[in-house]
Each structure stands twice: as C-alpha cells, then as structure tokens.
Amino acid sequence: MEMHQVRYFLAVAQLLNFTRAAEECNVTQPSLTRAIKQLEAELGGDLFRRERPAAQLTELGQRMHPLLKQCYDAAIGARSLASSFRSGEIGALRIALTHSIDLALLIPHLNEIKRQFNRLEFRFLRGSGREVGDFLKKGEAELGIAAEIDEAWDRLDVWPLFTESFELVVGDGHRLAGRSSVELDDLRSELLLSRTFCEHARRISASLREHGIDIEQGHEVSNERDLIELVEADMGIAMVPHTSPVPERLTRAAVTGLDTRRTVNLYGVAGRQRTAVGNAVMRMLRGADWREIAG
C-alpha cells in the first residue's frame with residue numbers, strides 16, 4: 001500500500017467523483033483510477049461503486065475509510081514532526097540520571113536551552129548507576145549524569161562536572177543539631193540511615209566501617225523522600241551529598257576525619273551522533289561553573 005493510493009482514495013471518498021478527485025490531487029484521472037484499483041486489489045474488494053453522477057463507497061470502502069484516514073493523518077503528522085526536528089523548531093533530549101542526582105541542578109541550564117528552540121521536549125530516566133549505563137548503551141538516553149556507572153564499556157565518554165562531599169544531616173531536635181562539624185566519635189552511638197539508592201552508598205559504608213562505626217543496626221532507605229521523613233522523625237541520621245536538598249528544619253554538618261568526596265560526571269556515547277539539543281546541553285554542562293553549587 002502506497003501513501004498516494006490512500007490520498008487518492010480519501011479524495012474520492014470526500015468528493016464522490018473521480019474526475020474532481022484527480023483535479024484535487026493534481027494527477028490525471030487514469031492515474032488516480034489505476035492507483036485505486038491497485039489499492040482495491042491489495043485489500044481484496046471494491047472500495048467504490050462507480051455510478052453516475054456520483055461514486056458511492058461500498059461496505060468495504062465505508063469500513064476502510066476511518067482506518068485509511070487515520071493512517072494518512074499519522075503519516076502527515078510524522079512528516080511534519082520530522083521536518084520540525086530537521087529545521088530546529090523542535091528539540092528533544094533524553095537524559096538519564098541516577099537516583100542520587102538532584103534534578104534541580106539541571107533546571108537553570110535547561111531553561112537556558114529552552115530559549116533556543118520553539119518547542120523542547122525532555123525525557124528523564126532514573127535508575128542505578130548500572131541502569132544509567134544500560135540506558136546509554138541501548139540508545140534510550142543521549143546523555144547520562146551519575147557519580148559512578150557500573151559499566152566498563154569502552155565507548156563511554158566521561159566528563160567530570162564537579163566534586164562534592166557528603167554531609168551529616170540531623171533533625172533540629174537532635175543532640176548534634178546546630179553544629180557545623182562533628183567528630184567520628186559522635187557517630188558511634190547513632191542510628192545511621194543507609195541510602196541504598198545512591199551509587200556511593202557502599203563506599204560510604206565501607207569508610208565508616210574502617211573507622212569502627214557500626215552501621216549494621218541502621219535502616220536501609222530506597223528513596224530520598226523516605227530518608228528525609230525518617231530524619232525529621234528523629235528515627236536516625238544520614239549522610240547526604242552537599243547538592244541534595246534538605247528542608248530548613250534539618251541541619252547539616254561536616255564529618256571530620258572522613259573522606260566522603262564523590263565526583264559527579266556527565267556521560268555520553270563516543271561516535272554516536274547527538275541531536276542539536278544534546279550537543280547544546282553537553283557544552284553548557286561542561287562549561288558551567290559548578291563551584292558555588294558544589295560547595
């Protein structure tokens with residue numbers, strides 16, 4: 001089935017006249033008639049009763065009309081969308097982030113990118129470090145942002161954005177609240193909440209164990225919202241990245257003697273053609289001054 005056959009069919013169905021439909025489609029009547037006969041042969045029956053003064057849709061033609069119109073409209077829409085993408089009127093970006101990356105970090109840059117396109121569409125994917133790597137590998141995401149990706153794929157491009165430290169977060173009624181820094185000994189009697197959704201969680205836990213901090217009695221938490229609610233309820237304390245937003249009623253403190261730094265990276269796929277939006281976002285993120293945000 002060719003799209004011009006569908007177009008000719010729809011013209012005849014609307015005008016109920018082969019001659020006028022041929023004029024509407026800017027083709028000769030024999031060409032239009034031949035195309036519709038080919039379509040009828042493919043569908044296995046007559047679509048029109050060729051009567052005078054007007055053609056009439058057969059039962060098959062009536063049943064096929066809404067389906068063929070939907071098919072034709074979808075094809076026209078696809079062509080229009082493709083044309084808009086080629087001309088730069090519409091931009092699209094698929095970006096994958098690990099659960100521990102705050103989307104607010106990207107908002108100022110995405111707002112800046114929006115000014116360059118009449119219409120901009122984003123698709124945000126979330127996952128673990130391994131899942132972000134898979135999104136990139138399978139082409140489901142154009143760019144990725146993570147502290148670590150559990151993927152040794154040699155086609156991954158990696159651009160460091162900023163390095164930040166983890167900080168202790170406690171409720172405002174906690175005994176450690178209000179301090180700018182705490183000692184490791186201050187943590188020994190505390191119930192620590194483990195951010196299992198963070199790609200840096202195992203490294204933090206290992207570092208705490210090395211310093212004799214018991215983390216086995218803590219709670220495992222699978223998302224940031226639950227973590228904050230548990231800290232607010234004074235059901236534990238937590239280590240969170242500096243860029244993670246926390247309510248003002250919670251307080252942050254550096255942990256003296258504990259190296260908790262992590263580097264947040266931008267990832268892409270080497271050799272894979274990027275969209276105009278992808279290239280613009282990549283350049284903007286790599287060229288941004290992250291010092292104030294990273295602390």
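The model is predicted: local features need pLDDT of at least 70, side-chain atom pairs count only at pLDDT 80 or more, and totals for chains, interfaces and linings use all residues. Residues are numbered from 1 along each chain as its sequence is written, and side-chain values use heavy atoms, with hydrogens and water left out.

Buried residues of α9 include Val277, Gly278, Ala280, Val281, Met282 and Leu285. Buried means under 20% relative accessible area (1.4 Å probe, protein chains only). Arg274 sits in the loop between β13 (262-269) and α9. Arg274 is also buried, at 19% relative accessible area. Contacts (heavy atoms within 4.5 Å) link Arg274 to Asn279 and Met282, and also to Glu142, Leu143, Asp157, Trp159, Gly268 and Val269, residues up to four places away in sequence not being counted.

Six strands form an open sheet with mixed pairing, in the order β8-β12-β7-β11-β9-β10. The edge strands are β8 (181-183) and β10 (219-221). Each has a single partner strand, so one side of each lacks a neighbour in the sheet. Twist averages 40° from one strand to the next. Strands pair if DSSP finds at least two bridges between them. Strands β7 (residues 166-171) and β12 (residues 250-256) pair antiparallel over four bridges. Leu168 has Ala253 of β12 as its bridge partner.

Key. Buried means under 20% relative accessible area, exposed over 50%, partly exposed in between (1.4 Å probe, protein chains only). Helices (H or I, at least four residues) and strands (E, at least two) are DSSP runs, numbered from the N terminus. Axes are lines fitted to C-alpha atoms, for helices over the stretch in contact, and angles run from 0 to 180 degrees between N-to-C directions.
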